[in-house]
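Have the structure open as you read.

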Amino acid sequence: MTINVRFFASLRERIGHATVTVEADGIATARDVWKAVSGESPDEEMLVAINKEYAGLDRAVADGDEVAFFPPVTGG
Amino acid sequence: MTVEIREQPFDPWQMVSEYRSKHLVAGKSGASAVFVGTMRDFNEGDEVQAMVLEHYPGMTEQQLKDMRDQAVSKHDLEDALVVHRVGTVYPGDDIVLVATFSGHRKAALDACREMMEVLKSSAPFWKKETLGAGERWVEKNTPG
């Protein structure tokens with residue numbers, strides 16, 4: 001399974017990359033993707049989008065999905 | 001029905017005026033409500049010199065379009081315009097414009113306020129401030 005992972009704002013700086021490609025078996029959910037890329041438990045405020053739509057951490061991911069992680073939004 | 005994310009500065013008042021002339025049918029909208037958000041030179045007690053606005057290309061546009069479509073449908077608006085800056089902005093720069101046009105004032109005013117609240121809470125934008133001593137990410141928006 002290949003997942004294209006994107007990070008924004010402070011999470012991008014923390015991870016040190018804007019994009020990462022994860023190729024691994026045993027990834028079922030966005031939470032699994034986060035663990036694979038960060039090695040950490042997700043913090044409660046972190047937001048997730050799958051294919052540019054908001055999703056929960058426990059939403060299933062599929063081969064080729066774009067999964068994005070970012071902090072609370074602060075526009076306007 | 002326009003949603004625009006732009007790096008260049010803009011004049012929201014001119015934009016509303018031009019939009020009305022170009023896109024609205026004269027005589028249909030009895031009410032126009034306009035919100036303009038402008039960058040301050042202070043935040044949380046500190047002087048802010050500049051700010052970088054980041055967004056999620058593709059997702060941010062779609063979120064704003066969905067927000068606008070829902071507001072137009074819910075409030076039966078004639079039209080709605082949303083403009084948001086990204087990139088580097090400076091104190092006094094206008095950051096966001098939400099303009100709503102409807103037959104009567106309640107729909108325009110309610111929709112304008114609602115769209116701003118939805119934008120603030122769900123549109124993927126992030127702000128990083130430049131202070132006198134370094135930079136910091138804005139972690140949350142003010143409550144209103």
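## The nonpolar core

The largest nonpolar core holds 50 residues, and those touching the most other members are A:Phe8, A:Val33, A:Val67, B:Ala80, B:Ala111 and B:Met115. A nonpolar core here is a set of buried Ala, Val, Leu, Ile, Met, Phe, Trp, Tyr and Cys residues joined through C-beta atoms within 7 Å. Buried means that 20 or more other C-beta atoms lie within 10 Å of a residue's own; with 12 or fewer a residue is exposed, and in between it is partly exposed, the C-beta atoms being placed from the backbone.

A:Phe8 has partners in both chains: its contacts are A:Ala68, A:Phe70, B:Glu54, B:Tyr56, B:Pro124 and B:Trp126, leaving aside neighbours within four places in sequence. Two residues are in contact if their C-beta atoms, placed from the backbone, lie within 7 Å.

## About the model

This is a predicted model, in which local features need pLDDT of at least 70 and side-chain atom pairs count only at pLDDT 80 or more, while totals for chains, interfaces and linings use all residues. Residues are numbered from 1 along each chain as its sequence is written, with chains lettered from A and ligands numbered from 1 in the order in which they are written.

## Chain A as a whole

Two helices and five strands make up the secondary structure of chain A, in the sequence pattern β-α-β-α-β-β-β. These elements are DSSP runs numbered from the N terminus, helices being H or I with at least four residues and strands E with at least two. The radius of gyration of chain A is 11 Å, close to the 11 Å from the globule rule for 76 residues, so the chain is as compact as a globular protein of that length. That radius is taken over C-alpha atoms, and the rule is 2.2 Å times the number of residues to the power 0.38.

Along its principal axes, the C-alpha trace of chain A spans about 40 × 25 × 20 Å. Of its 76 residues, 32% count as buried. Among contacts in chain A with a separation of 6 or more, 50% come from residues 24 or more positions apart.

## The sheet and its hairpin

Chain A has an open sheet of five strands in the order E2-E1-E5-E3-E4, with mixed pairing. Strands pair if DSSP finds at least two bridges between them. E2 (19-23) and E4 of chain A are the edge strands, each pairing on one side only.

E3(A) (residues 47-50) runs antiparallel to E5(A) (residues 66-70), joined by four bridges, and antiparallel to E4(A) (residues 53-55), joined by three. E3(A) and E4(A) form a hairpin with two residues between them, where A:Asn51 in the turn has a positive phi of about 50°.

## A closer look at A:Ile50

Is A:Ile50 buried or exposed? A:Ile50 is buried, because 20 other C-beta atoms lie within 10 Å. This residue of strand E3 of chain A has A:Val67 as its bridge partner in E5(A). Beyond four places in sequence, A:Ile50 touches A:Ala30, A:Ala55, A:Arg59, A:Val61, A:Asp65 and A:Val67.

## Where the chains meet

At the interface, 23 residues of chain B are in contact with 13 residues of chain A. On the chain B side, the elements giving two or more residues are H2 (59-75), E7 (94-102), H3 (105-122) and E8 (125-131). H3(B) gives the most, with four residues.

The chain B side divides into 12 nonpolar, six polar and five charged residues. Here Ala, Val, Leu, Ile, Met, Phe, Trp, Tyr, Cys and Pro count as nonpolar, Asp, Glu, Lys and Arg as charged, and the others, Gly among them, as polar.
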